[in-house]
Amino acid sequence: GQQEGDNKWYMYGVQKPGYLLPRPDQTLEIIMTDLDTGVSGHFSPKVFSSAAHLVKAMGFQDIMQGATIDAKIFTPCGFSLNALFEDEVYFTIHVTPQVECSFASFETNLPKESYSTLISDVLAIFKPAKCAVTVYASKNAKYKREQPSTSDDYLPGYQCSERHQCSLPTYSLYYCSYKQEIDCLE
């Protein structure tokens, strides 16, 4: 990301020369900040007595159908969810809901050619003011993207403020930073 500003994300990678990946690999990560206060208030045992009720109310099971879900709600607040499918596909969600530092992360290795619908679904749940989307994909992964383009990075209600692409010998990294559009904040 940009060198100026409060939020900085770094990527570190190590690759042994001549190493061949045994199978395709890709990861989607969404880092969300300044969550909608109506949403962040749900992540407390005072609102939901069990993590299972919270998972259902927030619609997490809809984007993870068929997964074994292990979720925890923390006292006084906070949330963690790990979901696993039989084929080693996973989803993780972690939430720090305090208004002064609200944060949520979503990660999956679900192999897809495009993540736009999944990203939109996750953002609809959390309604963050800002988010960063990263896709890290091996050259033999389902996810393919030759060049960054505005249409690929379009998310309804958000404006892409920064875009980067980096190609490594066996992986590519795609990064976009988004801010909620002003008229969507009302």
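User: How many aromatic pairs does the count come to?

Analyst: In this predicted model, the count comes to nine aromatic pairs. One of them is formed by Tyr115 and Tyr143, whose rings are stacked.

User: What are the distance and the angle for Tyr115 and Tyr143?

Analyst: The ring centres of Tyr115 and Tyr143 lie 5.7 Å from each other, with 25° between the planes. The pair counts as stacked because planes under 30 degrees apart fall in that class.

User: Where do Tyr115 and Tyr143 sit in the chain?

Analyst: Both lie in loops, and the pair links distant parts of the chain, 28 residues apart. Tyr115 belongs to the loop between β5 (103-108) and α4 (116-126), while Tyr143 belongs to the loop between β6 (130-138) and β7 (158-167).

User: Is Tyr115 buried or exposed? And what about Tyr143, buried or exposed?

Analyst: Tyr115 is buried, with a relative accessibility of 2%. Tyr143 is buried as well, at 9%.

User: Which residues do ring pairs link into a cluster?

Analyst: The cluster consists of Phe43, Phe60, Phe79 and Phe126, linked by ring pairs.

User: Changing topic to Ser172: which strand is it found in?

Analyst: Ser172 is part of strand β8, which covers residues 171-180.

User: Why does Ser172 count as buried?

Analyst: Ser172 counts as buried because its relative accessibility is 6%, and the cut-off for buried is under 20%.

User: Which residues does Ser172 touch, leaving out those up to four places away in sequence?

Analyst: Ser172 is in contact with Val135, Tyr136, Ala137 and Lys139, and also with Cys166 and Ser167. With Lys139 there is a polar contact between the two side chains, at 3.0 Å.

User: How far apart in space are Ser172 and Lys144?

Analyst: Their C-alpha atoms are 9.1 Å apart, and the two residues are separated by 28 residues in sequence.

User: Now the overall fold. How many helices and strands are there?

Analyst: The protein has four helices and eight strands. Along the sequence they follow the pattern β-α-α-α-β-β-β-β-α-β-β-β.

Terms used
Residues are numbered from 1 along each chain as its sequence is written. This is a predicted model: local features need pLDDT of at least 70, side-chain atom pairs count only at pLDDT 80 or more; totals for chains, interfaces and linings use all residues. Side-chain values use heavy atoms; hydrogens and water are left out. Helices (H or I, at least four residues) and strands (E, at least two) are DSSP runs, numbered from the N terminus. Buried means under 20% relative accessible area, exposed over 50%, partly exposed in between (1.4 Å probe, protein chains only). Contact means heavy atoms within 4.5 Å. A polar contact is a pair of N or O atoms within 3.5 Å; within protein, one must be able to donate a hydrogen and the other to accept it, and residues adjacent in sequence count only if both atoms are side-chain atoms. Rings of Phe, Tyr and Trp (its six-membered ring) pair if their centres lie within 6.5 Å; planes under 30 degrees apart count as stacked, over 60 as edge-to-face and the rest as tilted.
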